[in-house]
Amino acid sequence: MFIHLNEEPYCYLGRSKIIQVNVLYSRPKSETLKVKGGSIDVHPTEKALVVHYELEATILAETGDPMLGERKECQKIIRVRSLNSTTDVASLAAEVVERCKLIHPSKLPEVEQLLYYLQNRKETSSSAGVKKGELTGKLKEPPPYEGMELDEVANINDIEEYVELLYEDIPEKVRGTALILQLARNPDNLDELHLNETALGALVRVLREDWKRSVELATNIIYIFFCFSSFSQFHGLVAHFKAGALVMGIVEQELKRHQLWSEELRKKKKTDILYENPQMKKDYEKSLKKFHSLVKKQEQLLRVSFYLLLNLAEDTKVEVKMRNKNIVPLLMKTLERDHHELLILVVSFLKKLSIFVENKNEMAANQIIEKMTKLVPCDHEDLLNISLRLLLNLSFDADLRSKMIKLGLLPKLVMLLGNENHRLVTLCLLYHISMDDKAKSMFTYTDCIPVVIRLILECPTDKVEIELISLAINLACNKRNAQIICEGNGLRLLMRRALKFCDPLLLKMIRNISQHDGQTKHQFIDYISDIASIIKNSDDEELVVEALGILANLTIPDLDYELILREYNLVPWIKNKLEPGAAEDDLVLEVVMLVGTVAMDDACAAMLANSGIIQSLIELLNEAPAYLIDLMHDKNAEIRKVCDNTLDIISEFDEEWSVKIKLEKFRWHNSQWLEMVESQQMEDGDGIMYGDESYSPYIQESDILDRPDLFYGYEDGELFDGTMTPDYVDEFGHPLNDGYPARPESAMFRNG
């Protein structure tokens with residue numbers, strides 16, 4: 001049975017003198033120690049007993065007389081890591097009492113009872129790790145290097161002794177770094193350690209010179225700097241010693257080393273299969289065992305290294321430097337590993353980097369989607385969640401979304417909708433995929449639509465969560481998807497919920513269903529009265545807009561639109577909404593679309609004409625050019641194209657609008673030049689500021705098309721004809737040689 005005795009915390013005597021007590025060591029001659037046993041408790045999180053005791057320390061003078069004495073309450077932690085359900089608690093308790101002199105034999109029953117409690121206590125997340133199905137959402141701090149747990153306890157006062165060990169052979173260096181690491185893992189010691197430039201400089205030197213000789217040594221030193229990197233105020237210290245660049249170099253070399261190991265192992269395996277020699281099989285198995293041992297140690301090194309770099313990447317400038325040193329390919333190469341905690345760290349790092357398009361493009365070039373599909377799904381909840389979040393970042397790229405579908409991610413994502421831990425991020429990812437029209441049809445081959453409809457109908461709140469309903473709205477744009485939604489009682493249940501909770505987004509989804517021709521459109525006839533009631537009576541404008549959209553989509557030849565307009569008295573309502581300024585543009589647009597739908601019925605067309613609605617439509621049409629001019633510079637290229645074509649048509653039939661449109665186009669294409677002219681006018685004369693009438697008015701106050709001087713200018717008091725291209729002239733106004741080319745016309749006039 002393994003029992004680890006450890007002393008925590010240290011015993012402090014005064015402010016300047018610290019005595020570290022360990023009952024296994026002999027006492028110095030210059031002091032006397034008296035120990036009085038105390039209570040015994042269980043450790044709150046670990047498999048350990050905590051023994052409390054009182055220590056009385058007396059420092060003796062050279063004459064042997066007591067010089068200084070003090071009492072201090074201390075504790076000893078006895079870890080029983082091998083304790084499990086099959087352990088003989090009575091035998092273990094006897095062994096603990098025998099080995100720990102602080103526990104009196106009379107307390108054996110108490111120790112046995114406490115061990116029994118530990119045996120049956122449920123493990124906490126910190127000691128038990130992440131179980132299957134459990135999502136923590138946190139990056140775990142790397143554990144100490146396996147096999148490097150020391151029986152001795154480090155003391156901050158002995159730091160100089162530990163530094164001296166760094167100048168010895170490798171075993172002593174490993175021990176020295178392990179002791180310094182003990183100190184660094186306690187945040188209270190970092191303030192004092194960061195002032196010891198000698199120790200930190202020695203650590204960096206040893207890491208630079210000896211990291212290839214011992215992976216344990218390299219891991220300990222990198223872990224020490226990782227402890228500093230966990231706090232932003234020490235990032236400058238890490239940068240000062242250039243630890244980040246050194247660690248990146250080590251990671252790169254370790255990944256190359258792993259590649260060599262793998263190639264050698266593959267060669268041996270191939271030879272083994274080829275010759276089927278028992279001795280070679282034995283050698284291969286031995287090499288495989290050694291390979292796994294080396295990989296395990298290397299993954300500990302990689303984990304703490306990437307964690308250090310991730311902390312430093314908190315500064316965007318440092319992150320850019322890492323990218324320039326190829327951090328993305330290093331992370332992508334590490335994605336091939338199987339170590340869950342290492343993969344969580346690597347994927348988290350990639351997720352952070354993926355918000356920049358340059359990093360995203362580099363990930364795409366390194367086959368990021370192909371490598372991530374192997375992680376979705378997986379048994380480790382934290383790894384699965386962070387993998388989905390990385391894919392979500394990447395899904396903003398249309399090409400990567402398309403690749404996700406080609407590699408079969410869509411059905412895998414749909415399966416994850418049943419897991420509440422990942423439902424939200426999965427919905428967001430599916431929403432991005434559903435934005436592509438080609439991808440919408442792929443959802444029909446999965447169970448996504450039934451699952452989404454069930455989640456909507458079972459939603460416990462009045463409003464369906466935005467991610468879920470957004471996905472449903474996109475899916476409803478596809479005709480086949482809409483048919484699946486309406487199968488059975490689908491449409492009836494959705495309409496019932498939308499009417500009950502007055503949910504405009506759910507009604508928008510239903511509106512998308514109503515746009516498809518076929519049997520689905522005829523199912524809406526049963527709900528016309530409900531839709532018309534919303535239009536007339538609802539105060540929620542968003543709800544009214546969607547209801548108008550549904551009614552406008554019902555282009556059914558056999559539908560009696562005249563009866564609908566009369567029964568619900570919609571004509572006065574329509575005329576009122578078409579008045580200028582009576583409603584928002586979105587609502588007016590839907591009203592116009594409804595008018596277009598009902599006007600297909602001859603009786604309705606006559607009714608609308610007699611009501612004066614036609615004049616309202618003409619007045620709205622007169623406002624259209626102004627809206628089109630505003631949209632002429634929209635960010636969307638398609639909108640700009642439509643506006644340009646429409647304005648060109650308007651220019652052909654309306655001379656007044658033609659001049660205004662040309663002026664606006666000119667101002668847009670020559671905005672920088674006009675600003676320069678305006679500023680030059682203000683600098684050349686103060687008369688403008690004081691109302692001097694000898695100066696021309698500002699450009700904004702006149703028609704720029706009537707100012708040909710702005711294009712060609714005056715020369716000797718004569719104005720060049722703006723309709724002709726003038727010859728080049730010299731400074732005296734005389735024409736230059738005929739051999740010079742004619743001045744090209746203004747680009748605006750060529751296009752106008």
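These legends go with a set of close-up views of the structure above.

This is a predicted model, in which local features need pLDDT of at least 70 and side-chain atom pairs count only at pLDDT 80 or more, while totals for chains, interfaces and linings use all residues. Residues are numbered from 1 along each chain as its sequence is written, and side-chain values use heavy atoms, with hydrogens and water left out.

**View 1. The whole chain, before zooming in.** The protein chain has 38 helices and eight strands; these are DSSP runs numbered from the N terminus (H or I, at least four residues, for helices; E, at least two, for strands). Of its 752 residues, 43% count as buried, where buried means under 20% relative accessible area, exposed means over 50%, and partly exposed is in between (1.4 Å probe, protein chains only). Take the contacts (heavy atoms within 4.5 Å) between residues at least 6 apart in sequence: 67% of them join residues at least 24 apart.

**View 2. Lys 36 on strand β4.** Look for Lys 36 in β4, which covers residues 31–42. Lys 36 has a relative accessible area of 58%, so it counts as exposed. Setting aside neighbours within four places in sequence, Lys 36 is in contact with Tyr 53 and Glu 54. Ile 103 sits 67 residues away from Lys 36 in sequence, yet their C-alpha atoms are 9.8 Å apart in space.

View 3. Helix α36 runs over residues 655–669, and its 15 residues reach 21 Å from first C-alpha to last, close to the expected 21 Å. That expected span is 1.5 Å times one less than the number of residues. Buried in α36 are Trp 657, Ser 658, Ile 661, Leu 663 and Phe 666. At the start of the helix, a side-chain oxygen of Asp 654 comes to within 3.0 Å of the backbone nitrogen of Glu 656.

**View 4. The largest cavity.** Searching the whole structure turns up two cavities of 30 Å³ or more. On a 1 Å grid over the protein atoms alone, a cavity is a set of points where a 1.4 Å probe fits but cannot get out, a pocket is an open set with protein on both sides within 12 Å along at least five of seven lines, and lining residues have an atom within 4 Å of a point. The largest cavity has a volume of about 40 Å³ and is lined by Leu 139, Lys 140, Arg 303, Tyr 307, Glu 341, Ile 344 and Leu 345. Two or more lining residues come from each of α11 (278–312) and α14 (340–353), and α14 gives the most, with three.

**View 5. The second largest cavity.** About 30 Å³ of space lies in this one. Its lining is Leu 551, Tyr 561, Ile 564, Leu 565, Leu 570, Leu 594 and Val 598. Helices α30 (561–567) and α32 (585–598) each give two or more of these residues, with α30 giving the most, three.

**View 6. The second largest pocket.** This pocket has a volume of about 450 Å³. Of its 17 lining residues, the closest to the centre are Asp 585, Val 588, Leu 589, Leu 620 and Tyr 627. Both α32 and α34 (613–631) give two or more residues to the lining, and the largest share, six residues, comes from α34.

Methods:
A polar contact is a pair of N or O atoms within 3.5 Å; within protein, one must be able to donate a hydrogen and the other to accept it, and residues adjacent in sequence count only if both atoms are side-chain atoms. Grid points are joined across faces, edges and corners, and a volume is the space filled by probe spheres set on the points.
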